[in-house]
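Take a look at the sequence and the structure first, then read on.

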Amino acid sequence: MVSASAYRTDELLDGFLREMERGLEGEASSLAMIPAYVGIGARVPAGRSVAVIDAGGTNLRIGLALSGQHGGIELSRFTKQPMPGRDREIPAGAFYDLLADGLEPLKDEFESIGFCFSYPAAITPHYDGRLLHWTKEIKIPEMVGTHVGEGLLDTLAARGMAGRKVAILNDTVAALLAGRVQGEGFGASSYVGFILGTGTNTAYVERNDRIAKLDGYLPAGAQAINVESGGFAAFRRGPYDLLLDERSENPGGHVFEKAISGVYMGPLCLALFQALADEGAFSQRGHAALAVMQTLSTIHIDNLATGNGLDPGVLGTEAFSDADREAMKTVFQAVVERAALLAAVNIAAAVVKCGEGADPARPVCINIDGSTYYKTHRLADQVQRHLRAILEPRGLHIRCIHVDDAPVVGAAIAGLTTFA
Ligand code: BGC
């Protein structure tokens, strides 16, 4: 792995900005820069209910949202299950059936659906989304290249729920929208949604006249762009980054995500531990245990590093010596340090690109979501430190916030405002 100190922050930031620009211009780029057709100006009508689907990297949640006064959103009747297609491959029909099963008990209480779909999808001017490819190791190959909203509405119609409407949006766009209520409170000049959880990605607001690939109905002046920042490829990778990539479900794709997100940091550590053990850096029994390990969850290595008393899985057992555990913590710390630097550059690029934040009284509102960001040992602190080092000399001001259930809240806002 390449350690954090081997990168030049300015070069990384320039690389990000260059790839963003290319993506917007429709040129070859590792950043998809997908227009969301969602503006930030729409008012949420009070007293309306909408169904919400949140297909995240780990969980699938379905329920109802009701809009209150002052833009508040109340959630009810949510069900939660593991995201289908994560453990084994399933057909598209099985996925849509699960969505319809979840919506059926709510069918008398909604006309439209806000659907937070946390995967790369090209959004149409009518708010459908065509899945470009799966990420986060999901295996439902039949859905690739198809319109997810249409697939859902067809299944609902076949089940006697015809005539519904659905707005598909990325989870980062949902996070961006969910930040509005707080952002308006402190006079935010613009909005960014950043996710670092199972996967990673960013959305920011761009002027319509800067976006080459647009057609159809446009929100006034500006709209959210789903950067698909997990695809960023203009950074140096080491041999174990390449190995992890080769072994993944989408080799060559989303290589930035493979360096920083929750589903990959554990496996990256495992590859590094195994290589170090082969070089004699672990005890004999540790070497033997590592040789048969197929995977390592980020949560287990994080629990070991934090010493928080939570389960470190096999890493806490007699299979390893205390010296082995110390070596593992050192490696994990290096992986987290690099992830923090890369995540900060990613957020900073969105801030620079949005063109706002020069006035300290009107900072850019960054809504950050994702368990990897908040729970990983020493990650968030380091991201904030790097952000200050990058943005202060450039005279740019931000305020980072957190909104509970941001993907669901943002999807509800999209469902409530899109068809109002
Ligand atoms: C997906 C993005 C998503 C991100 C965070 C990535 O794997 O490609 O669309 O926003 O994960 O969930």
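Helices and strands here are DSSP runs, numbered from the N terminus, and a strand needs at least two residues. Keep in mind that this is a predicted model. With that in hand, let's start with Thr200, which is part of strand S10, a run covering residues 200-207.

- Is Thr200 buried or exposed? Its relative accessibility is 3%, and buried means under 20%, so Thr200 counts as buried.
- Which residues does Thr200 touch, leaving aside those up to four places away in sequence? They are Phe194, Ile195, Gly230, Phe256, Glu257, Ile260 and Ser261.

**Around the ligand**

- The ligand has 15 residues surrounding it, and the closest are Thr135, Lys136, Asp171, Glu228 and Glu257.
- Strand S10, the one holding Thr200, supplies at least two residues of the shell around the ligand, and so does helix H4 (171-178).

**Polar contacts and cover**

- Lys136 places a polar side-chain atom 2.7 Å from a ligand oxygen atom.
- For Asn170, an N or O atom of the side chain is 2.8 Å from an oxygen atom of the ligand.
- For Asn201, the corresponding distance is 3.0 Å.
- On its own, the ligand has 310 Å² of accessible area, and the protein covers 98% of that.
- Where does the ligand sit? The space it takes is the largest pocket.

Technical notes. Residues numbered from 1 in each chain as written. Predicted model: local features only at pLDDT ≥ 70, side-chain atom pairs only at ≥ 80, totals over all residues. Heavy atoms only, no water. Helix = DSSP H or I, 4+ residues; strand = E, 2+ residues; numbered from the N terminus. Buried < 20%, exposed > 50% of the residue type's maximum accessible area, 1.4 Å probe, protein only. Contact = heavy atoms within 4.5 Å. Near = heavy atom within 4 Å. Polar contact = N/O pair within 3.5 Å; in protein donor to acceptor, adjacent residues only side chain to side chain. Areas by Shrake-Rupley, 256 points an atom, 1.4 Å probe, with all protein chains shown as cover. 1 Å grid on protein atoms, 1.4 Å probe; cavity = no way out; pocket = protein on both sides within 12 Å on 5 of 7 lines; lining within 4 Å. Sits in = over half its atoms within 2 Å of the grid points.
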